[in-house]
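Take a look at the sequence and the fold, then carry on below.

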Amino acid sequence: MPDPNDRGRYQQAVERALIESSSRLRGANTGTVYQLHPTSANAQAIRPRLALGDITVYDQLDTSNRQALLESFKTTEKAILLGTKSFWEGIDIPGASLSAWR
């Protein structure tokens with residue numbers, strides 16, 4: 001991974017990693033970041049590529065209802081959830097809905 005201070009290269013590397021892991025796992029993963037802006041930028045950048053594989057991208061900025069976002073993610077067969085630090089702890093996604101967490 002490039003240095004996080006090199007925002008352009010780092011952002012592209014994060015997006016590439018999200019696309020590759022989501023494609024391999026057919027969704028069923030989450031990505032967490034520390035700030036809302038990168039979450040939104042990541043979601044916008046990866047949505048078109050993942051849509052080709054019918055993988056839905058849920059972004060914390062899509063809704064203010066955290067629980068509704070989690071429920072949508074859990075019930076969508078192929079999905080990735082992008083959120084901030086608030087999604088690091090205290091969420092329970094059992095079974096095949098979550099294969100990877102990062």
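The count of salt bridges comes to 2, where a salt bridge is a side-chain nitrogen of Lys or Arg within 4 Å of a carboxyl oxygen of Asp or Glu. This is a predicted model, in which local features need pLDDT of at least 70, side-chain atom pairs count only at pLDDT 80 or more, and totals for chains, interfaces and linings use all residues. Residues are numbered from 1 along each chain as its sequence is written, and side-chain values use heavy atoms, leaving out hydrogens and water.

**Salt bridges**
- Asp 6 pairs with Arg 9, with 3.4 Å between the closest N and O atoms.
- Asp 6 is partly exposed at 30% relative accessible area, while Arg 9 is exposed at 51% (buried is under 20%, exposed over 50%, partly exposed in between, with a 1.4 Å probe and protein chains only).
- Lys 74 and Glu 71 form a salt bridge at 3.6 Å, N to O.
- Lys 74 and Glu 71 are about one helical turn apart, because they sit 3 residues apart in helix 3 (residues 66-75).
- Lys 74 is partly exposed at 27%, and Glu 71 is partly exposed at 36%.

**Fold**
- The protein chain has 3 helices and 4 strands (DSSP runs: H or I of at least four residues, E of at least two, numbered from the N terminus).
- Along the sequence, the pattern reads α-β-α-β-α-β-β.
- Of the 102 residues, 37% count as buried.

**Confidence**
- The chain averages a pLDDT of 77 (the predictor's confidence in each residue, from 0 to 100).
- Where pLDDT is low, predicted coordinates should not be read in detail.
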